[in-house]
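Hello,

I am passing a structure on to you, with some notes on what turned up in it. Please have a look at it first, and then read on.

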Amino acid sequence: MRRTDPVVWQDMDGQSGFFAVLTHADVVQASRQPTLFSASEGGITLEDATPETLEMSRNMLVVMDPPRHVAYRKPLAPSFKAKVIAGLEDEIRAICRAIMAQAREAGPDLDFIGDIASPLPTRVMGRLMGLPEEDWPSIHRLAERMLSSQDPNVEGAGDQSSLFEMAAYAMGFIADRRGDEPRPDLTSVLLDEEFDGKRMTDVDIASLFVQLVGAGNDTTKTMTSSGLLALLEHPAQLGELRNDPRLIPGAVEEILRWANPVHYMRRTATDDTTLHGVPIGTGQKVALYYTSANRDETVFREPQRFHIHRSPNPHLAFGIAEHFCLGVHLARLEGRVFFEELLAAFPSIALAGEPIRLQSNFNNAYRLMPVRLAG
């Protein structure tokens with residue numbers, strides 16, 4: 001389809017269909033026109049959001065268009081600079097080592113996702129936001145439910161209550177922090193900085209909180225779990241990483257290309273236009289498929305091959321242009337340190353059962369991954 005129908009119409013049951021954008025070049029082109037292909041107009045999922053959900057998400061960076069997106073991103077950007085994030089390495093390494101120690105004690109047979117991959121992003125975001133440690137488990141459960149709502153095997157699937165529960169928690173937490181002395185965390189940034197020329201209300205901050213905590217949890221968990229599976233399926237390359245951990249950063253990039261955590265992002269056309277010669281009308285949905293773009297034969301040599309030495313590797317797992325991932329440096333650091341500590345802790349890792357995918361058209365993730373660890 002990338003060769004014959006790179007922008008192709010897809011019907012949907014019960015609501016309007018969408019154009020699937022499949023090539024690397026077309027995904028990049030649409031991404032670089034964020035006012036024509038709007039994130040805020042209809043949300044970022046193929047399924048139309050309810051008015052309540054759209055209202056709750058209005059202060060999430062992922063659903064903002066410029067110039068508002070730029071105004072809200074600017075105060076946050078200094079906290080996510082490469083140099084600032086690099087300073088978190090020791091703390092992230094300590095978190096990873098604690099996770100590996102707990103896994104060793106609980107093992108040898110574990111669910112890699114629930115027992116090892118999932119705790120890392122929740123604990124890291126808990127530290128970054130300054131959340132009380134006793135709240136981390138409940139925040140983790142809410143994030144898991146919120147991002148797995150299409151899978152009937154996940155508790156609470158099909159409802160959006162976890163989204164509103166997370167927002168309610170955020171509002172309470174923010175209310176408690178107002179008036180406190182500034183602390184070196186993201187919560188103080190949200191409270192003290194001006195966003196688009198004004199301070200945010202508790203409701204505004206809660207919306208952004210949900211994205212920062214929820215998105216950081218899901219994408220990092222998916223990167224590490226899908227990454228391990230890719231390495232187990234390519235044992236020679238796993239052996240290379242064990243022999244030379246300096247190869248891990250390149251492996252993380254290939255994992256992100258091979259198993260990008262998010263399949264697509266939806267946009268809505270704000271005017272009549274064309275993409276790759278295909279007419280698109282005002283108000284029509286457009287889905288930018290990273291899963292397809294990251295296997296575009298015109299960009300990647302042998303795209304169906306997992307190759308930790310791939311260079312260059314211009315994958316789109318972090319998006320591009322206006323919505324390029326704010327947490328890119330954090331994600332790369334978490335991925336590198338996680339695999340360094342995992343491989344050091346366990347000389348042998350093997351699948352102990354068939355991995356089960358999460359049922360989702362949005363998240364490119366697994367729900368269960370039984371493993372046997374030895375070390």
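Strands β3 and β5 (residues 264–269) run antiparallel to each other and are joined over 2 bridges. In this pairing, S38 has T268 of β5 as its bridge partner. Two strands count as paired if DSSP finds at least two bridges between them; helices (H or I, at least four residues) and strands (E, at least two) are DSSP runs, numbered from the N terminus.

A word on the source: this is a predicted model, in which local features need pLDDT of at least 70 and side-chain atom pairs count only at pLDDT 80 or more, while totals for chains, interfaces and linings use all residues. Residues are numbered from 1 along each chain as its sequence is written, and side-chain values use heavy atoms, with hydrogens and water left out.

Both of those strands belong to an open sheet of 5 strands, ordered β1-β2-β8-β5-β3, with mixed pairing. Because β1 (7–12) and β3 (37–38) stand at the edges with a single partner strand each, one side of each is left without a neighbour in the sheet. Helix α1 (residues 24–31) lies across β1, β2 (15–21), β3 and β8 (285–289), where contact means heavy atoms within 4.5 Å. The helix runs at about 125° to β8 (axes are lines fitted to C-alpha atoms, for helices over the stretch in contact, and angles run from 0 to 180 degrees between N-to-C directions).

There is also an open sheet of 3 strands, in the order β4-β12-β9, with antiparallel pairing. Its edge strands are β4 (109–111) and β9 (348–351), each pairing on one side only. β9 pairs with β12 (residues 370–374) over 4 bridges, and I349 has L373 in β12 as its bridge partner.

Now for the cavities. The structure holds 2 of 30 Å³ or more. A cavity is a set of points, on a 1 Å grid over the protein atoms alone, where a 1.4 Å probe fits but cannot get out; lining residues have an atom within 4 Å of a point. A volume is the space filled by probe spheres set on the points, which are joined across faces, edges and corners.

The largest cavity has a volume of about 50 Å³, and its lining includes F37, R267 and Y290. α7 (119–129) and α8 (136–146) each supply at least two residues of its lining, and the largest share, 3 residues, comes from α7.

Best wishes

Note on methods: On a 1 Å grid over the protein atoms alone, a cavity is a set of points where a 1.4 Å probe fits but cannot get out, and a pocket is an open set with protein on both sides within 12 Å along at least five of seven lines; lining residues have an atom within 4 Å of a point.
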